[in-house]
Structures are given as structure tokens and as C-alpha cells.
Amino acid sequence: MPVNNKAFCAHRFVLGLILGVLFCLISTATLAWSAVGHKLVADLAADLLTPGARAQSDELLKGKTLNEVSAWPDKIRSYRPETAPYHYVHIPLWAKSYVPERDSTRGKSVVTAIEEFHTVLSDRSRSFLERMEALQFLIHFVGDLHQPLHVADRETAGGNSILVTINGRPMSLHKAWDKMLRPDLSQEETRQMLDTLRAFRDKSDISPWQGGTPADWAWETFQDAGNAFQLPPEKILGDVYIQTFQPIIERNLVKAGVRLAWLLNTALK
């Protein structure tokens, strides 16, 4: 996907002006998903659950919180390999639209997963175990759908085949986006980050995010993916790269939380 450098710089400048103050309290070493990111999405969603949805989710999770089960789908991939394609969708960087047949893996993707498990969770005739698993999958996959490298570029497997360096450590570009939100954040740092995300959400008009389809959301997230592949010299991801994408990542975490809550509230009426 060709990128106009002037447009990119202007886009970055505007993002910085709008969101820079809000996110200045977050370390530039913290970015993206990992288990911490999924827990933040879960906590943001839990804030917005209706009393009825909260009671049903408590019952299905046997008293556990959305936060506590948010990383479960990653933990089972080794012995549930059929779930692997549910974590991503590969929209080519040159694409003008999302095409399910082209962008899925044998008909499976994070888009189809969210659709499928929302249907299962909504169906009271399904077994307790089916609905419990559907709830846990939804919590995780809505987060995955809002990570730009989970929706882009089959050619590099979402950046998995691109080697970069961040904080002196070599890793794939995809892993860098997944892991730049440090897993070793202290409890206090995580709480401060959650408070900052809540402040952003509470100052935002979230109504446009409470609707649409997973396909719509995937295409929206994809819009953020192209510039992520415009790497600095020698593919070293320094402060400029991280600060450029920090506002996008934080916004997407909040959007994921809002949309997860909306899905759960509709499924658990």
C-alpha cells in the first residue's frame, strides 16, 4: 500500500495534537496487546455491561471476571489447533475492501469467529459448556480484531516474517506489536493505564462504536495497518515509531472494550 510521506506526517501530527496530552502519562515503552492488553479490553467492557448481562456472564464463567479469562484462547492453541485461524484475518495491504473468501483461512477468521460465537452465546438452547467457551472466545477475539497486524497482510503473515528490533531485542514485527505493552507492568501501572483509557472513553462519543458488524470493524482496523509496515531505517522501532502509533493503539483498545460490551449485552439480554 503506497503511503504519501507528507500525508503520513500530517496524520501523525494531528493525532499527536488531539491525543498527545491524554496519553502523555503512558510510557512510550508501552504499546499494543499481549495478555495485559486483552485484560484491559475486558475491564473496559465490564464497565459497560447491563446488570442482566453481568449476572449471566458471572454464571457462565463460574464467578470469574472477563479479565481473568481474557487470555484463555491463546493458552489453548497448542492443543486446539483448529482455533488458530480465529485469531486473525489477512486483508492484503493493497486491498480496496474486505473480501471474506480471499482474506480467510479455509473459511475461518477472527471475523467469522466473532459472528459464530456471538450466535452460540445468544442461543439458550446450546449447552452450558458451549456458551461458556463462546463467551471466552468473544472476549479474546474482539481484542484481536482491533490489533492492526491481526487483520493485515497474508504475504508476511501479519508481519510475522518481518524481523525488527525494539528495546534492543530482535523479534517479528507482529510480535513487537503484540508485546510492546509490557507483560511486566506493575499492578499500579496497569491500574493507571486503565484509568487513562477510561478517561478517554468517557470523553468520547462512543455511540458510533456500538453497532456495525465484525467485518466493518476489521476493515476499520485495517486502515491503521498500512503505515505500521513503514519501518524506520534498519527496522529499529524507536521512540518516534512507538509514539506515532501509541494513540491508535490506545483508541483501538477502548473501541474493542466498547464493542465487546455491546456484543455481550445483545447476546445476554
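Helix axes here are lines fitted to C-alpha atoms over the stretch in contact, and angles run from 0 to 180 degrees between N-to-C directions. With that in mind, welcome to the tour; the model you have open is a predicted one.

**Stop 1: helices H7 and H12**

Select residues 110-122, which form helix H7, and then residues 239-267, which form helix H12. H7 and H12 pack at an angle of about 35°, and their axes are 8 Å apart. To see where they touch, show the side chains of Ile114, His118, Leu121 and Ser122 on H7, then Leu263, Leu264, Thr266 and Ala267 on H12. Sorted by class, this contact of H7 with H12 has five nonpolar residues, three polar ones and no charged ones.

**Stop 2: helices H2 and H12**

The crossing of H2 past H12 is right-handed. Which residues of H2 meet H12? Pick out Gly37, Val41, Ala42, Leu44 and Ala45; across from them on H12 you will find Leu253, Val254, Ala256, Gly257, Leu260 and Ala261. By class, the contact of H2 with H12 has nine nonpolar residues, two polar and no charged ones.

**Stop 3**

Now turn to the strands. Three of them make an open sheet in the order E2-E1-E3, with mixed pairing. E2 (169-172) and E3 (236-237) stand at the edges with a single partner strand each, so one side of each has no neighbour in the sheet.

Select E1, residues 163-166. E1 pairs with E2 in the antiparallel sense, over four bridges; look for Val164, whose bridge partner in E2 is Met171. Two residues lie between the strands of this hairpin, where Asn167 takes a positive phi near 55°. E1 and E3, in turn, run parallel and are joined by two bridges. Click on Thr165 to find its bridge partner in E3, Ile236.

**Stop 4: an aromatic pair**

The whole structure holds 10 aromatic pairs. For one of them, select Trp72 and Phe137: this pair is tilted, with 5.0 Å centre to centre and 55° between the planes. Where do the two residues sit in the chain? Trp72 belongs to helix H5 (residues 72-75) and Phe137 to helix H8 (residues 128-145), so to speak a link between distant parts of the chain, 65 residues apart.

Definitions and conventions:
Residues numbered from 1 in each chain as written. Predicted model: local features only at pLDDT ≥ 70, side-chain atom pairs only at ≥ 80, totals over all residues. Heavy atoms only, no water. Pairing = 2+ DSSP bridges. Left-handed = near helix turned anticlockwise from the far one by under 90°. Contact = heavy atoms within 4.5 Å. Nonpolar A, V, L, I, M, F, W, Y, C, P; charged D, E, K, R; others polar. Phe/Tyr/Trp six-rings, centres within 6.5 Å; stacked < 30°, edge-to-face > 60°.
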